[in-house]
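Please keep the sequence and the structure in view while reading.

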Amino acid sequence: MSAAAESIIRASGLKRTFGKGAGEVAVLKGVDLDVPAGRLIAFKGRSGSGKTTLINLLGGLDRPTGGSLTFDGLNLTGLSDRERDEVRRTKMGLVFQSFALFPLMSAYENVEFLLRISGHPSKGRKEAAELALEQVGLKARMHHRPFELSGGEQQRTAIARAIAHKPKLLLADEPTAELDSKTGLHIIKLFRDLVTQSGISVILTTHDPAIMEIVDQVYELEDGQIVVQN
């Protein structure tokens, strides 16, 4: 197996600045990263350390100012916006701290709708949505709308929506920030199960020290650089 195939994400000298001239702010200052496939990885650091910016770059939501970035052997920095959108749509899943569910749709409809707009074939959409909800333990609640679900159930719905198309990489930015500690721990254990059972790679950002015991590796960011790797 090639090194590119073994690594789901590789970053070298990754930089991101905002603004110009006297107002320029360097948020990432040369990040090097090599994430093996099939791992649960956490980025930690204070607010403003660059965690969210790094997640946005890894997911192709933003372009780096400098350095190189590959995902699953593809040079993301060399792709057009449309090509990056296609990679993200077919090979990545995104989960954020705000659940961003459609309030008038059931959990099932939220998952199935995203499959539909992402171009998933109509044949098999129902099965894919139901399987994803079953994976996150929500099959019995899939016909409930968000206001009928707890915060943890809403986040699990968001995770089901992100994994229904079987991505290679799941990126989660502070996925437990809106949840109590017990529910947040359940969500991280769910990520652990997804990695173990489905072989998906998961990269998340967090402030929660309890999570550090569950993940495979922790990278600590400070002032736009990785300062500790555990």
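Is L221 buried or exposed? With a relative accessibility of 2%, L221 counts as buried; the term buried stands for under 20% relative accessible area, exposed for over 50%, and partly exposed for what lies in between, computed with a 1.4 Å probe on protein chains only. The model is a predicted one, in which local features need pLDDT of at least 70 and side-chain atom pairs count only at pLDDT 80 or more, while totals for chains, interfaces and linings use all residues. Residues are numbered from 1 along each chain as its sequence is written, and side-chain values use heavy atoms, with hydrogens and water left out.

L221 belongs to strand β9, residues 217-222; strands (E, at least two residues) and helices (H or I, at least four) are DSSP runs, numbered from the N terminus. Among the residues that L221 touches, not counting those up to four places away in sequence, are L28, F43, G50, K51 and I226, where contact means heavy atoms within 4.5 Å. The C-alpha atoms of L221 and G50 are 6.8 Å apart in space, although 171 residues separate the two in sequence.

K51, one of the contacts of L221, lies in helix α2, residues 51-58. K51 is buried yet has no salt bridge, a salt bridge being a side-chain nitrogen of Lys or Arg within 4 Å of a carboxyl oxygen of Asp or Glu. The nearest side chain of opposite charge is that of E174, 4.2 Å away; in this count Lys and Arg are positive and Asp and Glu negative, while His and the chain ends are not counted. A polar atom of the K51 side chain lies 2.9 Å from the backbone oxygen of G45.

Strand β9 is also part of an open sheet of six strands with mixed pairing, in the order β6-β7-β8-β3-β9-β10. Two strands pair if DSSP finds at least two bridges between them. The edge strands, β6 (92-96) and β10 (225-229), each pair on one side only. Within this sheet, β3 (residues 40-44) and β8 (residues 201-206) run parallel over five bridges, and A42 has L204 in β8 as its bridge partner.

A further open sheet has four strands in the order β2-β1-β4-β5, paired in the antiparallel sense. Its edges are β2 (25-36) and β5 (74-75); each has a single partner strand, so one side of each is left without a neighbour in the sheet. Strand β4 (residues 66-71) pairs with β5 over two antiparallel bridges, in which T70 has N75 as its partner.

How many salt bridges does a search of the whole structure find? The search finds 14. In one of them, the closest N and O atoms of D216 and R39 are 3.6 Å apart. This pair links distant parts of the chain, 177 residues apart, with D216 in the loop between β8 and β9 and R39 in the loop between β2 and β3. Together with R192, these two residues are linked in a network of salt bridges.

D81 takes part in two of the contacts described next. Its side chain meets that of R63 at 3.3 Å, N to O, and R84 also forms a salt bridge with D81, at 2.4 Å between the closest N and O atoms. R84 and D81 are three residues apart in helix α3 and therefore separated by about one helical turn. R84 counts as buried because its relative accessibility is 7%, whereas D81, at 45%, counts as partly exposed.

How values were computed
A polar contact is a pair of N or O atoms within 3.5 Å; within protein, one must be able to donate a hydrogen and the other to accept it, and residues adjacent in sequence count only if both atoms are side-chain atoms.
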